[in-house]
Amino acid sequence: TMINKNQVEGKLKEIGGKIQEEFGDAIDSPTQEAKGKATKVEGQAQKKVGDAQEKVEEKLDDVSRRPH
């Protein structure tokens with residue numbers, strides 16, 4: 001299995017959002033905390049899209065390898 005762009009970018013956004021969320025909490029900034037949560041959720045969604053793409057690609061590979 002190959003990791004695709006959406007999986008990588010999604011995970012990076014998720015991590016960045018978590019850091020921003022924790023930073024906002026640490027400095028008592030609800031705005032930064034909310035922005036971090038939003039980025040984290042966006043990253044999680046993008047990673048799920050990448051996971052789904054990977055599954056589709058695996059199925060297509062399986063079908064293409066079957067004898068005709």
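Contact here means heavy atoms within 4.5 Å, and helices are DSSP runs (H or I, at least four residues), numbered from the N terminus. This is a predicted model, in which local features need pLDDT of at least 70, side-chain atom pairs count only at pLDDT 80 or more, and totals for chains, interfaces and linings use all residues. Residues are numbered from 1 along each chain as its sequence is written, and side-chain values use heavy atoms, with hydrogens and water left out.

**View 1. The buried face of helix α1 and its cover.** Welcome to α1, where Q7, G10, E14, G17, E21 and G24 are buried (under 20% relative accessible area, 1.4 Å probe, protein chains only). Looking down the axis of α1, these buried residues fall within an arc of 120 degrees, taken from the directions from the axis to the C-beta atoms, so they line one face of the helix. Their cover includes α2 (30-65).

**View 2. The opposite face of α1.** Turned away from the buried side are the exposed residues K5, L12, I19 and A26 (exposed is over 50% relative accessible area). L12, in α1 (residues 5-26), has a relative accessible area of 56%.

**View 3. A nonpolar surface patch.** Here I3, V8 and L12 make a patch of about 310 Å². Its members have over 30% relative accessible area and no salt bridge, with nonpolar side chains joined within 5 Å; a salt bridge is a side-chain nitrogen of Lys or Arg within 4 Å of a carboxyl oxygen of Asp or Glu.

View 4. I15 lies in α1 and is partly exposed, at 42% relative accessible area.

Technical notes: Patch = residues over 30% accessible without salt bridge, like charges linked within 9 Å, V, L, I, M, F, W, Y side chains within 5 Å. Areas by Shrake-Rupley, 256 points an atom, 1.4 Å probe, with all protein chains shown as cover. Helix = DSSP H or I, 4+ residues; strand = E, 2+ residues; numbered from the N terminus.
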